[in-house]
Amino acid sequence: MSKPTSSENIVSQKYDRCFADLLVKAGVGFGVGVVASVILFRRRTWPIALSTGFGIGAAYADCDRSFNPARVPGTRIITQLEESK
């Protein structure tokens, strides 16, 4: 039988996952921006900033969904009163 996990550990695991996701998605966005800047836009800086911002925004949205599952489209929160009917 496993020990119950404390709520502090659950929250810290979620923050760790969010931070790792932020680093990965911002890094991928940065890489795509550099490649697009060099190949398509004659070494301008705005594609790098734009794609890095997209990566950070996607990571923020995923983190928001992990902390607040009621914001996921199509989910329904069932209370104990509804469950007992």
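Student: What should I know before I start?

Tutor: Residues are numbered from 1 along each chain as its sequence is written, and side-chain values use heavy atoms, with hydrogens and water left out. The model is predicted: local features need pLDDT of at least 70, side-chain atom pairs count only at pLDDT 80 or more, and totals for chains, interfaces and linings use all residues.

Student: How is a helix defined, and which residues make up H2?

Tutor: Helices are DSSP runs (H or I, at least four residues), numbered from the N terminus. H2 covers residues 46-67. H1 covers residues 7-39.

Student: Which residues of H2 are buried?

Tutor: Start with the cut-offs: buried means under 20% relative accessible area, exposed over 50%, partly exposed in between (1.4 Å probe, protein chains only). The buried residues of H2 are Pro47, Ile48, Ser51, Thr52, Gly55, Ala59 and Cys63. Seen down the axis of H2, they fall within an arc of 145°, so they line one face of the helix. That arc is taken from the directions from the helix axis to the C-beta atoms.

Student: What do the two sides of H2 meet or carry?

Tutor: The buried residues of H2 pack against H1, where contact means heavy atoms within 4.5 Å. The face turned away from the buried side carries the exposed residues Ala49, Phe54 and Tyr60.

Student: What is a salt bridge, and how many does the structure hold?

Tutor: A salt bridge is a side-chain nitrogen of Lys or Arg within 4 Å of a carboxyl oxygen of Asp or Glu. The structure holds three.

Student: Why do residues three or four places apart point the same way?

Tutor: An α-helix has 3.6 residues a turn, so residues at that spacing point the same way. Now take two cases here. Lys25 and Asp21 lie four residues apart in H1, and their side chains meet in a salt bridge at 3.6 Å, N to O. In H2, Arg65 and Asp62 are three residues apart; their closest N and O atoms are 2.7 Å apart.

Student: Which salt bridge links distant parts of the chain?

Tutor: Asp62 and Lys25 meet at 2.2 Å, N to O.

Student: Where is the nonpolar patch on the surface?

Tutor: Patches are made of residues with over 30% relative accessible area and no salt bridge: like charges are joined within 9 Å, nonpolar side chains (Val, Leu, Ile, Met, Phe, Trp, Tyr) within 5 Å. Accessible areas come from the Shrake-Rupley method with a 1.4 Å probe; for residues, only the protein chains shown count as cover. Here Phe30, Val34, Val35, Val38, Ile39 and Leu40 form the patch, with about 570 Å² together. Val38 is in H1 and counts as partly exposed at 44% relative accessibility.
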